[in-house]
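User: I would like to go through this structure and ask what lies behind each label that is applied to it. Please set each value against its criterion.

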Amino acid sequence: LVRGTERTLAAEDERARATFSTRLLEEAQKSAAIRELMLRELNHRVKNSLQMVNSLVRLQAKRPEGPDLAAISARVHAIAEIHDLLHESPDSLTVDLAALLRAICASDAIAPPGTKVVLRCDAPATVWIGADRATPLALCVIELISNATKHAFGPEGGAIRVTLTPGAGSCRLTIADTGRGLPDVPGRESGLRIVSMFVSRIGATMDIERGGGTRFVIDIPARAQPEMSDTV
């Protein structure tokens with residue numbers, strides 16, 4: 001009886017070990033598959049970002065007065081910030097848009113020290129957004145800030161405010177300046193075409209409000225199938 005009981009217990013212990021090993025193997029395989037998927041997705045994002053940088057550099061190269069190296073630097077800086085935030089995100093596929101906007105507005109490449117233009121960012125709430133939408137949005141913000149800095153103000157300077165307002169599954173991004181209105185400047189018109197292209201690319205809409213300066217209001221709808229429940 002004792003020997004029979006020992007054999008039964010040994011068999012049950014062996015089955016338990018085998019079951020535990022099988023579960024560990026399955027979990028390891030799932031984890032490896034997830035890591036492989038995330039790595040492919042990150043590589044895809046890097047490729048897209050480099051292609052976008054290349055397109056922007058080519059656009060700058062066509063300028064009659066030559067490329068604006070400061071503008072190129074600002075855009076590369078924004079894309080680098082996005083990839084830094086991707087590594088800090090919970091799934092490496094989404095970016096905190098509020099943190100991205102704060103990083104952009106704090107960069108000397110966007111608002112060089114010594115100018116009379118004050119740049120403020122009002123984005124206190126966390127808003128998760130897919131990286132494929134974060135990059136065009138970041139470039140829109142940079143383009144609008146750069147255009148306002150160059151064309152909206154006189155020698156007295158002024159202020160630019162970037163505001164992020166989360167909604168029910170969507171969000172609103174506003175870039176407002178206290179300048180002299182939207183002048184008919186070729187450089188600014190070309191910049192607005194670039195912004196309109198990026199806004200359309202992510203399925204958002206943009207309204208331009210004039211009076212007491214200029215306000216660009218970008219409404220970003222929720223995805224049809226969001227990557228996360230609180231992801232725009």
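User: Which residues in α3 meet residues in α4?

Analyst: In this predicted model, Leu97, Leu100, Leu101, Ile104 and Cys105 of α3 meet Ala134, Leu137, Ala138, Val141, Ile142 and Ile145 of α4. The criterion for such a contact is heavy atoms within 4.5 Å. The residues of this contact divide into 11 nonpolar, no polar and no charged.

User: What describes the packing of α3 and α4, and which hand does the crossing have?

Analyst: Two packed helices are described by the angle between their axes and the distance between the axes. Helix α3, residues 97-106, packs with α4 at an angle of about 35 degrees, and the axes are 11 Å apart. The crossing in which α3 passes α4 is right-handed.

User: How do you know what span to expect of helix α4, and what span does α4 reach?

Analyst: The expected span is 1.5 Å times one less than the number of residues. Helix α4 covers residues 131-151 and has 21 residues, for which 30 Å is expected. From its first C-alpha to its last α4 reaches 30 Å, close to that expectation.

User: Why is α4 described as largely enclosed by the rest of the structure?

Analyst: A residue is buried when its relative accessible area is under 20%. Because 18 of the 21 residues of α4 are buried, the helix is largely enclosed by the rest of the structure.

User: Why are Cys140 and Cys171 called buried?

Analyst: The cut-off is under 20% relative accessible area. Cys140 has 0% relative accessibility and therefore counts as buried. Cys171 has 4%, so Cys171 counts as buried too.

User: Why is Arg210 called exposed, and where does Arg210 lie?

Analyst: Exposed requires over 50% relative accessible area. Arg210 has 56%, so the residue is exposed. Arg210 lies in strand β6, residues 205-210.

User: How many helices and strands does the protein chain have, and what share of its residues is buried?

Analyst: The protein chain has 5 helices and 7 strands, in the order α-α-β-α-β-β-α-β-β-α-β-β along the sequence. Of its 232 residues, 41% count as buried. Among contacts with a separation of 6 or more, 69% come from residues 24 or more positions apart.

Definitions and conventions. Residues are numbered from 1 along each chain as its sequence is written. This is a predicted model: local features need pLDDT of at least 70, side-chain atom pairs count only at pLDDT 80 or more; totals for chains, interfaces and linings use all residues. Side-chain values use heavy atoms; hydrogens and water are left out. Buried means under 20% relative accessible area, exposed over 50%, partly exposed in between (1.4 Å probe, protein chains only). Helices (H or I, at least four residues) and strands (E, at least two) are DSSP runs, numbered from the N terminus. Axes are lines fitted to C-alpha atoms, for helices over the stretch in contact, and angles run from 0 to 180 degrees between N-to-C directions. A crossing is left-handed if the near helix is turned anticlockwise from the far one by less than a right angle, and right-handed if clockwise. Ala, Val, Leu, Ile, Met, Phe, Trp, Tyr, Cys and Pro count as nonpolar, Asp, Glu, Lys and Arg as charged, and the others, Gly among them, as polar.
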